[in-house]
Amino acid sequence: MSEAVEYDVVVLGGGPAGENIVDRTRAAGLTTALVESELIGGECSYWACVPSKALLRPALARADARRVPGLADAVAGPLDAAAVFAHRDYWTSSWKDDGQVDWLDSIGAHVYRGHGRLYGVRKVAVTSPEGEHHVLAARHAVVVATGTRAVIPDLPGLAGVRPWTSREATSAQEAPGRLLIVGGSVVAAEMATAWRALGSEVTVLVRGAGLLPRMEPFAGELVAEALREAGAVVRTGVSVEAVVRDGSTGPVRVVLEGGEFLEGDELLMATGRAPRTEDIGLDTVGLTPGGWITVDDSCRVLGHDWLYAVGDVNHRALLTHQGKYQARIAGTAIAARAAGTAALDTGRWGAHAATADTRAVPQAVFTDPEAAAVGLTLAEAERAGHRVRAVDYDLGKVSGAGLYADGYRGRARMVVDLDREVLLGATFVGPGAAELLHAATIAVAGEVPIDRLWHAVPAFPTISEIWLRLLETYRG
């Protein structure tokens, strides 16, 4: 190994969380190095959030247009798949990260390409693609931001089938004739929506009771109903026992419990995520390779005053925006500790505490209809011991929704803490519903009293009038 190069902070992983750590520490005047083995920008920029939304936007815009009188006939035809793929490729920069590198250069960060591993306390060893070796030493902090990878279950025959994961599903250059999707997650629901709109015959196989199991049950029910109306097949309560492929490029056969089989041209396994920590040197600092990394609310690893973990690897909230939020919190905490601040503000909602990870996590699912939620579901609130009331309203009965689309179907729910009369959670399902989410996030994170929300007047005629209807229902 070469002699160690010193920095104030070394960041292992260049996805959105890692980039935000670099941004915060550089803004604080700390020298920072970033180590990345793939593309800077990470999973979100190239194989998840960005390409999936680029694929979905034409599908959702067409679905909305088909519900508008005077416009429906003009969008009756199929999507221009080549144009959709070109739009997706533009937003992924054709899987090149030059722009991200230019930004890092502009703020004075140092980029190391290659595989990085912890190398004992405050050190990271980097092996470049050309086989060069570097050792980076951190004066103040090392931050792990290596993200997650798709889980491929141990099913008979699956290894030889070359199944799609979210990466292949968001980067494919043509629509498969028949796409089988295993799982009920956000990836499953969104990719079913996108590829059905692009012309694939889609079958979704869900082991559990329905889609989107982390949301209120009605969210998955409305999304599944719409997928079926669009021509997809959604089956719940089914288990896949084995998978077989005919040759190297032939059809995929999925064998279900009981012996029934289904055939498709491609198979997407949307069955969860695992931390990318199996080969990053966790064992050199007494942690378990391949495991999630446990942190405190400032995202500092328990038992290690110099080590932090942000984003998916800490398993607090596996969402890009939460990883970026954690990075802002951790970056501020690192800067404060580097400056010798005696006591950090780590209390609830403090400047150095990622409180939203447990109190106000927002998520938007870009299916048709969209599903958006923040905070606790009714079941989660009850399990946590809160005395709560769920307030439901038909989103389609709001004037703004009726003007948005003929036959608008949707539903809204707010979960109210009856002891404090503040919102613990909210869920909206319907076309365009994702744009309702941030108002709900502010209400939940700000713990705005119901009495004060009553004075937040929604403009007429917008779908946001759902807030008025929910509050009226609550007040009786």
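**Sheets and helix packing**

Guide: Tyr 393 stands opposite Ala 412 in β20. Strand β20 (residues 411–417) is joined to β19 by seven bridges, and the two strands run antiparallel; strands pair if DSSP finds at least two bridges between them. This is a predicted model, in which local features need pLDDT of at least 70 and side-chain atom pairs count only at pLDDT 80 or more, whereas totals for chains, interfaces and linings use all residues. Residues are numbered from 1 along each chain as its sequence is written, and side-chain values use heavy atoms, with hydrogens and water left out.

Visitor: What is the strand order in that sheet of five?

Guide: The order is β17-β18-β21-β20-β19, in an open sheet with antiparallel pairing. At its edges stand β17 (362–365) and β19 (388–394), each with a single partner strand, so one side of each has no neighbour in the sheet. The twist from one strand to the next averages 10°.

Visitor: Which helix packs on the sheet?

Guide: Helix α13 (residues 437–445) does, touching β17, β18 (370–375) and β21 (422–430), and its direction makes about 10° with that of β18. Contact here means heavy atoms within 4.5 Å, and angles run from 0 to 180 degrees between the N-to-C directions of axes fitted to C-alpha atoms, for helices over the stretch in contact.

Visitor: Switching topic, how do α3 and α4 cross?

Guide: The axes of α3 (residues 49–65) and α4 (residues 81–91) come within 9 Å and cross at roughly 150°. The two helices are therefore roughly antiparallel to each other, and the crossing is right-handed. By convention, angles under 35 degrees count as roughly parallel, over 145 as roughly antiparallel, 65 to 115 as roughly perpendicular and the rest as oblique; right-handed means that the near helix is turned clockwise from the far one by less than a right angle.

Visitor: And which residues in α3 and α4 meet?

Guide: From α3, Val 50, Pro 51, Ala 54, Leu 55 and Pro 58 meet Val 84, Phe 85, His 87, Arg 88 and Trp 91 in α4. The contact divides into eight nonpolar residues, one polar and one charged, where Ala, Val, Leu, Ile, Met, Phe, Trp, Tyr, Cys and Pro count as nonpolar, Asp, Glu, Lys and Arg as charged, and the others, Gly among them, as polar.

Visitor: At what angle do α1 and α9 pack?

Guide: Helix α1 (residues 16–27) and helix α9 (residues 320–338) pack at about 30°, with their axes 8 Å apart, which makes α1 roughly parallel to α9. Here too the crossing is right-handed. The residues of this contact divide into six nonpolar, five polar and three charged.

Visitor: Which strands form the open sheet of three?

Guide: That sheet has the order β11-β12-β13, with antiparallel pairing. The edge strands, each pairing on one side only, are β11 (240–245) and β13 (261–264), and neighbouring strands are turned by 20° against each other on average, direction ignored. Strand β12 (residues 252–256) pairs with β13 over four bridges, and Arg 253 stands opposite Glu 263 in β13.

Visitor: Last one: how many helices and strands are in the chain?

Guide: The chain has 15 helices and 21 strands, counted as DSSP runs (H or I, at least four residues, for helices; E, at least two, for strands) and numbered from the N terminus. Its C-alpha atoms fill a box of roughly 70 × 65 × 45 Å along the principal axes.
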